[in-house]
Amino acid sequence: MAIEYREWREGDDLALLEVWGGPETDQARQFRGTLAPSGNAPWRRCIVAEDVVDGVAIPVAAGVVHEASLHPERLWVYVEVARDHRRTGIGSTLLGMLRHEAERSPSGISRLRTKVEPGTPGAAFAEAAGLAPIQRSRLVVVEPGALKLPVFGDGSEAAASEQVEDLATGSVELSDVVGRYYTAVHHWDSPGELSIATVQRLFLDDLSGAHGAIVLRAPKASAFGAGVPASKKGRLQAFAVSYAQGAPEMGGPEEGHATKAGEPSDVFLGHDPELSDDDARAAVRDLLALIAYQYPVLLELDDSMTALRAVVEPLLDSGKARQSGADTLIVSDPA
């Protein structure tokens, strides 16, 4: 076996697909889309390993390292080796070459991160390379009627409409809370500064797949006192943004309104990070009860989402929610 290394070329994706076959994990499926020619806008370096047999070079492995506009404090890295060429040092060599390239990234960032599924060869390779978990993420389906519907105020329709509102995804108020929440629950891998325009582009405009938004507000009286004008609204406490099927995933290589009977709606559910722990749990619980009252809801649940975990994990334990697929671990070089 004679292995040679070179930069990625057009057509390598098809050649490698013949050797690799289908992706072994969801993470592999996501990362394969990042294999592309090296470039500087955005910065990316991609290397292919070829097995040269009788003068014929056959691509058998590839690796990529690239910058990320979201979560810019680390570089994404991915290495995949054909099954019959593993445990021969090819993956380690590729990773070493990518680390060398990372040391020369224009941002000066060289620390690496990737996503793996626990118990897989990819996870074992990452661990052997010194990458350790910094976060766990799960996809969870909450079944219809899993939570009892909340009662707002005096239980009247007027009281409910005061606190529950369909809100345009272009709302600056919604964008502000979504951005602050995303930043708060990603303290372990900072997303950097998120402007209103950036939040709109990543999470709320048509290209993001955002389909609609429902928000939960505090009662007006609690925010402004008794006798406030009807035009005044209570503080936004929690939000649920639904995404059309096939929408881009959030948070890197990596996550709609259901279009077929029984399919869960893909929802980004969060809260104002300035709420107390108890208020955050209550707001998330009430809004989840509403959106999952008749139809199943698909949520991305990171361990850092403490309020959402406090609501959803008991549902998992009782069978009123179920995990969809395996855990995803985000692993990184040590600080």
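In this predicted model, aspartate 327 and arginine 136 are joined through their side chains by a salt bridge, with 3.5 Å from N to O. Aspartate 327 counts as buried because its relative accessibility is 19%, and buried means under 20%. Arginine 136 has a relative accessible area of 24%, so it counts as partly exposed. Both residues belong to a network of salt bridges that also links Arg138, Asp303, Arg309 and Glu313.

Side chains of opposite charge can pair when their charged atoms come close. The structure holds 27 salt bridges, and the table lists three of them.

| Salt bridge | N to O distance | Burial |
|---|---|---|
| Aspartate 327 and arginine 136 | 3.5 Å | Aspartate 327 buried; arginine 136 partly exposed |
| Aspartate 12 and arginine 6 | 2.8 Å | Aspartate 12 buried, arginine 6 buried |
| Arginine 32 and glutamate 80 | 2.7 Å | Arginine 32 buried, glutamate 80 buried |

The bridge between arginine 32 and glutamate 80 links distant parts of the chain, 48 residues apart. Arginine 32 lies in helix α2 (residues 26-32), and glutamate 80 lies in strand β5 (residues 75-81).

The next topic is strand β12. Strand β12 covers residues 297-302, and six of its six residues are buried, so the strand is largely enclosed by the rest of the structure. In a regular strand the side chains alternate between the two faces of the sheet. In β12, Val297, Leu299 and Leu301 point one way, while Leu298, Glu300 and Asp302 point the other way. Residues on both sides are buried, the charged Glu300 and Asp302 included.

Which strands pair with β12? One is strand β7 (residues 132-142), which pairs with β12 in the antiparallel sense over six bridges. Within this pairing, leucine 139 has glutamate 300 as its bridge partner. Another is strand β11 (residues 265-271), which pairs with β12 in the parallel sense over three bridges. Here serine 265 has valine 297 as its bridge partner. Between β11 and β12 the chain passes through helix α9, and this β-α-β crossover is right-handed.

Isoleucine 58 lies in strand β4 (residues 56-66). Its relative accessibility is 39%, so isoleucine 58 counts as partly exposed.

Some values describe the chain as a whole. There are ten helices and 14 strands. The C-alpha trace spans about 85 × 40 × 30 Å along its principal axes. The chain has 335 residues, of which 47% count as buried. Its accessible surface comes to about 16000 Å², and 52% of this belongs to carbon and sulfur atoms.

Technical notes: Residues are numbered from 1 along each chain as its sequence is written. This is a predicted model: local features need pLDDT of at least 70, side-chain atom pairs count only at pLDDT 80 or more; totals for chains, interfaces and linings use all residues. Side-chain values use heavy atoms; hydrogens and water are left out. Helices (H or I, at least four residues) and strands (E, at least two) are DSSP runs, numbered from the N terminus. Buried means under 20% relative accessible area, exposed over 50%, partly exposed in between (1.4 Å probe, protein chains only). Two strands pair if DSSP finds at least two bridges between them. A crossover is right-handed if, with the strands pointing away from the viewer, the path from the first strand over the helix to the second runs clockwise. A salt bridge is a side-chain nitrogen of Lys or Arg within 4 Å of a carboxyl oxygen of Asp or Glu. Accessible areas come from the Shrake-Rupley method with a 1.4 Å probe; for residues, only the protein chains shown count as cover.
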